[in-house]
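Hi everyone, thanks for coming. Could you bring up the sequence and the structure, please?

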Amino acid sequence: MNFLFWNVHQKPLDGLVVRMVEEHNVDLLVLIEHAEPRHNLSGLLGAVGDFVQISSHERFAVYGRFGPECMRRIEPPVPDNRMDFWRFKRNGHAEINVAVVHGLDIHNHPDRNDRLAFFSRVSDNILWVESRAGHKRTIVLGDLNANPFDPEITAATGLHAIRMRDVAGREARKVRGQSYEFFYNPMWRCFGGPPESPPGSYYLYRYRHNELFWHMIDQVVVRPDLLPMFPEEQLRILNSAGPVMLTTHGGRPDRRGASDHLPVFFRLNLES
Amino acid sequence: MTENLWPDFDLAAEPRTVRRILIEAGAGIREKTNGTIQFEVDSSPRGGGGLVHNCYLVAPGLGYRYPLMRAEHGLDQYPVTIVVSKRGRLADDEGSLMTALRGVFQDDSTKKVVLQLLDVISDSTTSSSSSSSSSSGT
């Protein structure tokens, strides 16, 4: 099953989206900050396959190439319009939990404590969804508005997504007596990806003494239970939509013609 | 007054650039779809004096732009590289560029996109006219 997600920055980029869905044979499409009106996209995706729109918060637009009954939305005890949860269940496929997150951005939420608290809530809600599902085959994807090395992502009280596939065979670790479960964060490999692949999903040029320029704020992270189904080498940050480049001649995201974010593609081998 | 070192330019003549050829060749979609679909060429610098021309099928009513193809060339107009999906095709002169464009426009995948787009436009027009008629009745 192929996944594509993209923060389209509230721009009318449906044509580029359709072209990528076609090119990468996408089954589950997640758009973050999708522009209104969105009612035409289902029809336009019809040129590629039978897509249905999946119920979601307004800031997300989710489309699946399967019946709507396959992806049931789950409302956590403490809902938040920047996170959404579904259970994906389809005949002949492994059941998984899907979480889509739009993290708090540093510009509007400069206090890191707010951003950490947000990811603490994401984690709590994921644990609740997993306890209801009775398994931990969970993926989290979206514009997390934090880099893979930021505490929001790595801290035990945050998303707890780390760069190692395996920490001595453990799926959790204890900190001061409390157990915290891991996610694996495959985005680290994209920092030094293939030469033709962008070294991040977002570019920022600021006049600071310390500046990274490229940021990896659009991420997918997976629970260890899903690793056997996750072909890591197929994870890619995309820089084109069919014939059109999503980056400028200098290789940076083309904010004028596309979005300030680049889309992320990955695959899960859920078919049994 | 300082002597003007520039030559005289024929400002009346529109140069037969690749961009001009793309615009003229693509414009026919408007006639074939009763004006509902247009062909747009969005050009930007490529570096080294070259240009990239992204060509879109556009449904103005929907605010939708489908990326159909890309044409790229250096400071010299030719050769032009035509890219529809991943692989490019070279056109060495205007004649081979027109042949390449004919191939893209008449390809089954392009026809499928145009028909799908017309269908969505038709749906959109129907729903907006029915909603406007219902609102006018209340």
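This is a predicted model: local features need pLDDT of at least 70, side-chain atom pairs count only at pLDDT 80 or more; totals for chains, interfaces and linings use all residues.

Residues are numbered from 1 along each chain as its sequence is written, chains are lettered from A and ligands numbered from 1 in the order in which they are written, and side-chain values use heavy atoms, with hydrogens and water left out.

So, the interface. On the chain A side, 21 residues are in contact with 26 residues of chain B, contact being heavy atoms within 4.5 Å. About 1800 Å² is buried between chain A and chain B, and carbon and sulfur atoms give 52% of that; buried area is the accessible area (1.4 Å probe) that two parts lose on being put together, summed over both. Of the area that chain A buries against chain B, 28% comes from A:R19, A:L44 and A:P243, more than from any other three residues.

Which side chains form the salt bridge? They are those of A:R256 and B:D42, at 3.5 Å, N to O. The rule here is a side-chain nitrogen of Lys or Arg within 4 Å of a carboxyl oxygen of Asp or Glu.

Now the histidine, A:H261. Is A:H261 buried or exposed? A:H261 is buried, at 5% relative accessible area, where buried means under 20%, exposed over 50%, and partly exposed in between (1.4 Å probe, protein chains only). Beyond its neighbours within four places in sequence, A:H261 has contacts that include A:W6, A:D143 and A:Y202.
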